[in-house]
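Take a look at the structure shown here. A short report follows it.

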2 protein chains.
Amino acid sequence: MDPSVSAATVGRLPAYLRAAIDLSASGLASVSSERLSEEAAVHPATMRRDLASLDIAGTRGVGYDVKYLIVQISHVLGLNQEWPVVIMGSGNLGKALANYGGFSERGFPVAALVDIDAELVGTTIGGVLVHAPPDLAELVDRENIMVGVITTPPGVAQEAADLLVSNGIRSILNFTPTALETPADVTVRSVDIATELQILSFYRQRGLAADVGTGVPLEP
Amino acid sequence: MDPSVSAATVGRLPAYLRAAIDLSASGLASVSSERLSEEAAVHPATMRRDLASLDIAGTRGVGYDVKYLIVQISHVLGLNQEWPVVIMGSGNLGKALANYGGFSERGFPVAALVDIDAELVGTTIGGVLVHAPPDLAELVDRENIMVGVITTPPGVAQEAADLLVSNGIRSILNFTPTALETPADVTVRSVDIATELQILSFYRQRGLAADVGTGVPLEP
DNA sequence: CAGTGTGAATTTCTTCACAGCG
DNA sequence: CGCTGTGAAGAAATTCACACTG
């Protein structure tokens, strides 16, 4: 019914999907929003509204069909196709991600690594070949790369982003603390470990969990 | 003035801090909210309100003193002390994080790794010694560990969390896709790479950036 | 009759717009 | 004069609560 999906809703979909997969694995065929939302740590009404906004319907008096949930949410997230990924920068993090099975397993195969270090170019990390930056154009084309992951040093992150963008990549996952400048039609998600740790220390310092209501008292 | 800080505000503080540090590095002594908020990709009024809620004041007609901003935000985030970290699980990601300089550099020294693999216990990764799980109690005590980072396989993430909690750790950074159950006074931040990629593919599928207003049209 | 789907109420967060201060 | 600090307005998101349906 509702023709649009809010960013907040999108942010929760992966959690719903995981919850549904978990419940399915434990043999459940049908769930109430109560049960599923508990699993996903969300308010039941929020979950029902989210699913309704995606036209994912349950059965009144019964709940949601777990298999159907998985299929529908996967579809909305675009997980019925593969999204090949290129990792820019083969430092510690880049290497770890290339070795990390989780990517391909979840539909995001690591198609290539790119690094400026001539020593590394041509070597293989976690079964993935390291290429030189100028090769990117061809790679994107040949491997049908959809997503760029930036794990370079912060100083050259913008450069890496520019290179991705100029080669037609419009989805970027940025692991550096750099705020990237990109055209409006490029989606960037940033994951900064320092940011996460700093937020943790804010709450820790006050002896409070992060989800205590909405307001956190300040020291006098 | 305002005695409380909202979660939304806390989430933006690290970005303000980074922006201030960057501007300071380029020699700027004073910034307007206009300039700083641009750097942090936030609305100027939002930034002024955030800072005001922390009692961080600027000078009317001038702006904010950059050095003062850095000191104050750092203080609010608790960055004037060190927060030693223990990494649970020395698989690919755990190893990468141990090797990753960024932690210690930013006040979160990696004090120890913990792994169940007896082969790994006693070895050193990135200068950090790997310990057996039963050693955690002593480690927490001796190294004054404040934060637990979980990089185990998803199946044992809850176990790792339980171990952390039972040893008094109340801040957890979880890199697994598992939704952890913890007492109410424990703060958990989760970073799941698959979640981020799935959100990217949602928007990519629709040819839209993530920040286009608030509602995203659904396919017909 | 259990549990969805959703108007309406509420809460939270953002942005406007301007008074007021340095 | 320029820019902060903030009341007031506005927009979004969440939650309540219940009519309604399988």
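## Basis

This is a predicted model, in which local features need pLDDT of at least 70 and side-chain atom pairs count only at pLDDT 80 or more, while totals for chains, interfaces and linings use all residues. Residues are numbered from 1 along each chain as its sequence is written, chains are lettered from A and ligands numbered from 1 in the order in which they are written, and side-chain values use heavy atoms, leaving out hydrogens and water.

## The sheet of chain A

Chain A holds an open sheet of 7 strands with mixed pairing. The order is β6-β7-β5-β4-β8-β9-β10. β6 (124-125) and β10 (187-190) of chain A stand at the edges with a single partner strand each, so one side of each has no neighbour in the sheet. Strands (E, at least two residues) and helices (H or I, at least four) are DSSP runs, numbered from the N terminus. Two strands pair if DSSP finds at least two bridges between them.

β9 (residues 171-174) of chain A runs parallel to β10(A), joined by 4 bridges. Here A:S171 stands opposite A:T187. Helix α9 (residues 193-205) of chain B packs on this sheet and touches β8 (147-150), β9 and β10 of chain A. Contact means heavy atoms within 4.5 Å.

## A helix in chain B

In helix α3 (residues 44-53) of chain B, the buried residues are B:P44, B:M47, B:D50, B:L51 and B:S53. Buried means under 20% relative accessible area, exposed over 50%, and partly exposed in between (1.4 Å probe, protein chains only). Their cover includes α1 (7-25) and α4 (66-77) of chain B. Just after α3(B), B:D55 has a positive phi of about 65 degrees.

## Two loop residues in chain A

A:D55 is not a glycine, yet its phi is positive, about 60 degrees. It sits in the loop between α3 (44-53) and β3 (64-65) of chain A. A:D55 is partly exposed, at 45% relative accessible area.

A:N144 is not a glycine either, and has a positive phi of about 55 degrees. The loop between α7 and β8 of chain A holds A:N144.

## Where the chains meet

69 residues of chain A contact 69 residues of chain B. The two chains bury about 6,400 Å² between them, 63% of it on carbon and sulfur atoms. Buried area is the accessible area (1.4 Å probe) that two parts lose on being put together, summed over both.

There are 4 salt bridges between chain A and chain B. A salt bridge is a side-chain nitrogen of Lys or Arg within 4 Å of a carboxyl oxygen of Asp or Glu. One of them links A:D192 and B:R18, with the closest N and O atoms 2.9 Å apart. α9(A) gives the largest share of the side of chain A that touches chain B, 13 residues.

Definitions and conventions:
Axes are lines fitted to C-alpha atoms, for helices over the stretch in contact, and angles run from 0 to 180 degrees between N-to-C directions.
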